[in-house]
Amino acid sequence: MLFLMSLVVFAIVYLIPGDPVDAMLGQEAERTAREALRRELGLDQPLWQQYVGWLGRVAQGDLGRSIRAQQPVRDLILDKLPATLLLTMTAALVALVIAFPAGVIAAVRRNTVVDLLAMVGALLGVSIPSFWSGIMLIMIFALTLGWLPAMGYVRPTTDPVAALRYLILPALTLGSVMAGAVTRQVRAQLLQELGRDYVRTARSKGLREPGVVVRHALRNSLIPAVTVLGVQFSVLLGGAVITEQIFAWPGIGQLAVNAIVNRDYPVLQGVILTVALLVTLVNLAVDTLYVVLDPRLRLS
Amino acid sequence: MSSSTPASVSPERSRSREAPRHRALGRLARSRLAFIGAAIIGLTALIGLVGPAFITADPVAMDFGALLKGPSRAHWLGTDQFGRDELARLVWGARLSVTIGAAAVALALAIGLPIGALSGYAGGVIDNVLMRCMDALLAFPALLLALGLVAILGPGSTSTTLAIGIVYAPGVARLTRGVVLAERPQEYVQAAHALGQRDRWVLVRHIMPNCVSALLVQASVNFANAMVIEAGLSFLGLGTPPPTPSWGLMLNEARAFMSSAIHVAIVPGVAISLAVLGWNLLGDGLRDALDPRLVE
């Protein structure tokens with residue numbers, strides 16, 4: 001799987017039209033200088049050798065050098081990655097804090113006004129693109145009310161309070177889409193569980209409704225909901241590209257967009273590979289979480 | 001869902017096989033969500049396809065005497081920073097959005113359907129190789145993969161369409177494979193083989209009709225996502241190039257002027273959100289109507 005992912009990433013950059021040597025030296029450069037650089041970069045080798053060489057370097061953590069910044073791509077990514085992780089993790093937290101209570105209340109109060117409001121909110125969450133909700137949040141909370149900064153980033157280690165103020169709007173923007181999707185999933189799963197025989201048994205034994213919902217039904221409905229979290233993390237990382245542009249958030253999404261604009265393809269290659277690895281790691285974590293949530297998997 | 005019936009099957013059996021489909025259509029017709037979604041989609045498509053014929057204003061014509069004007073009789077939705085008519089740009093943007101969405105969904109089906117069908121039907125090594133390739137593509141966030149593909153293909157509407165189509169093809173392939181895998185051991189497939197029908201005929205004529213329900217739901221969700229990605233790429237300046245009216249591009253340009261003329265940010269934002277809402281509502285309605293678990 002990782003091998004195929006690396007092939008995709010390698011192919012993306014290999015298929016991009018234009019000569020990397022032109023991008024680095026310009027089309028007016030002397031032939032000898034061009035050939036020397038071509039040899040240095042290994043571009044004179046057959047394609048499979050280029051791939052094997054690139055894969056070997058990647059395995060050692062060498063993602064190449066940025067054509068524009070003239071720095072190792074790994075350093076650029078490591079510099080920007082914490083900001084992206086802070087944004088996506090906070091957005092995921094915001095989404096969970098909104099989605100789980102909303103989904104549970106909507107399921108428990110099925111077909112009431114509360115359910116309707118929660119579902120309309122969730123539907124709007126998944127339908128309003130982050131690039132519009134972000135702009136509207138800036139308009140309301142930064143430009144009109146002046147409560148929060150419109151854009152920018154402060155490292156949490158420098159000034160935690162200022163960092164939080166800068167984080168709120170981007171995290172809300174990015175988290176709202178995930179919140180909508182997870183709310184719908186939690187509600188649907190919980191409704192399914194609440195109709196099962198073991199819930200009826202629990203109720204007939206005289207257990208109070210909150211206990212039936214939280215201790216029995218909710219726990220069983222968590223497994224499909226966790227699956228959605230895994231999928232949504234991939235969506236979050238994709239969405240971070242746009243959110244980082246809106247809020248001038250210096251993460252790897254912004255790095256990717258700038259890399260495309262500047263035709264800095266080693267950076268684009270590095271970012272795509274890093275994100276794909278992150279998604280794979282999160283999916284692995286989700287698989288592990290299944291075992292924690294479902295005792296049957298532990299026993300089997 | 002049913003497979004096609006051999007000529008020898010009695011009318012009663014044929015009717016009983018058609019019944020689930022009719023029940024599903026009945027549920028779909030009664031679904032308020034699906035109705036609202038279909039109405040929004042119909043309106044967007046109508047605006048996109050027919051609207052430009054009724055709009056006299058040129059969507060790219062600048063009028064420096066009417067910069068960032070609010071809604072008026074001359075410009076119903078106001079003007080942008082170049083004095084261009086917002087309504088005209090919105091209507092032409094709808095055409096672009098609907099066209100790219102439809103073409104991307106069709107492309108995703110054209111790529112994903114044969115791969116998924118072949119994978120599910122052939123099994124073995126072919127299945128393994130094809131599905132691992134699809135899984136490798138699915139590991140990338142859709143927008144990021146689309147960004148990479150646009151970098152290869154260059155910015156523009158055609159590149160955007162190709163990129164989105166390729167991004168959503170693995171999802172279609174996985175879904176199709178799942179249905180084919182579930183149907184392959186069924187008795188009607190074995191009966192078709194026993195009658196001497198060729199593999200390709202069995203797959204296309206008997207198994208594939210069972211994929212329609214699942215693919216319809218997937219296509220509606222993909223259409224919504226395709227519109228968002230098209231607008232997102234244009235918003236990032238990597239999709240449709242200016243001055244072609246695109247909803248995402250309109251929003252990107254609006255960022256610098258929204259404090260003085262909020263309508264330039266509201267008009268395209270509401271349009272994108274409504275269109276996506278329509279497809280999501282239709283997708284929900286279709287899923288509720290066609291989900292076999294609900295049918296049972």
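Among the elements of chain B in this predicted model, helix H13 (residues 292–295) has the lowest mean pLDDT, 49, whereas helix H4(B) has the highest, 94. Averaged over chain B, pLDDT is 87, and 91% of the residues score at least 70. A stretch under 50 is found over residues 1–9 of chain B, for which the model has 20 contacts beyond four places in sequence. Where pLDDT is low, the predicted coordinates should not be read in detail. For the complex, the predictor gives an ipTM of 0.85 and a pTM of 0.86.

The secondary structure of chain B comprises 13 helices and 0 strands, and its pattern along the sequence is accordingly written α-α-α-α-α-α-α-α-α-α-α-α-α. The C-alpha trace of chain B spans about 75 × 40 × 30 Å along its principal axes. Of the 296 residues in chain B, 48% are buried.

The buried residues of H9(B) are Val202(B), Leu203(B), His206(B) and Ile207(B). Viewed down the axis of H9(B), these buried residues fall within an arc of 115°, so they line one face of the helix. The cover over the buried residues of H9(B) includes helix H4 (86–122), helix H7 (157–183) and helix H8 (187–194) of chain B. Turned away from the buried side, the face of H9(B) carries Arg200(B), Trp201(B) and Val204(B), which are exposed.

Chain A likewise has 13 helices and 0 strands, and from the N terminus on its elements run α-α-α-α-α-α-α-α-α-α-α-α-α. Along the principal axes, the C-alpha trace of chain A spans about 85 × 55 × 35 Å. Buried residues account for 39% of the 300 residues in chain A. Among contacts in chain A with a separation of 6 or more, 70% are between residues 24 or more positions apart.

One helix pair of chain A was examined in terms of its packing geometry. Two packed helices are described by the angle between their axes and the distance between the axes. Helix H11 (residues 252–261) and helix H12 (residues 265–293) of chain A have axes that come within 8 Å and cross at roughly 145°. The crossing of H11(A) and H12(A) is left-handed. On the H11(A) side, the contact is made by Ile252(A), Leu255(A), Ala256(A), Ala259(A) and Ile260(A), and on the H12(A) side by Tyr265(A), Val267(A), Leu268(A), Val271(A) and Thr274(A). By residue class, this contact of H11(A) with H12(A) divides into 9 nonpolar, 1 polar and no charged residues.

The contact between the two chains takes 34 residues from chain A and 33 residues from chain B. On the side of chain B that touches chain A, at least two residues each are supplied by helix H5 (124–138), helix H6 (142–153), helix H10 (212–235) and helix H12 (263–290) of chain B. The residues on this side of chain B comprise 24 nonpolar, 6 polar and 3 charged.

Conventions:
Residues are numbered from 1 along each chain as its sequence is written. Chains are lettered from A and ligands numbered from 1 in the order in which they are written. This is a predicted model: local features need pLDDT of at least 70, side-chain atom pairs count only at pLDDT 80 or more; totals for chains, interfaces and linings use all residues. Two residues are in contact if their C-beta atoms, placed from the backbone, lie within 7 Å. Helices (H or I, at least four residues) and strands (E, at least two) are DSSP runs, numbered from the N terminus. Ala, Val, Leu, Ile, Met, Phe, Trp, Tyr, Cys and Pro count as nonpolar, Asp, Glu, Lys and Arg as charged, and the others, Gly among them, as polar. A residue is buried if 20 or more other C-beta atoms lie within 10 Å of its own, exposed if 12 or fewer, and partly exposed in between; C-beta atoms are placed from the backbone. Axes are lines fitted to C-alpha atoms, for helices over the stretch in contact, and angles run from 0 to 180 degrees between N-to-C directions. A crossing is left-handed if the near helix is turned anticlockwise from the far one by less than a right angle, and right-handed if clockwise. The arc is that of the directions from the helix axis to the C-beta atoms. pLDDT is the predictor's confidence in each residue, from 0 to 100.
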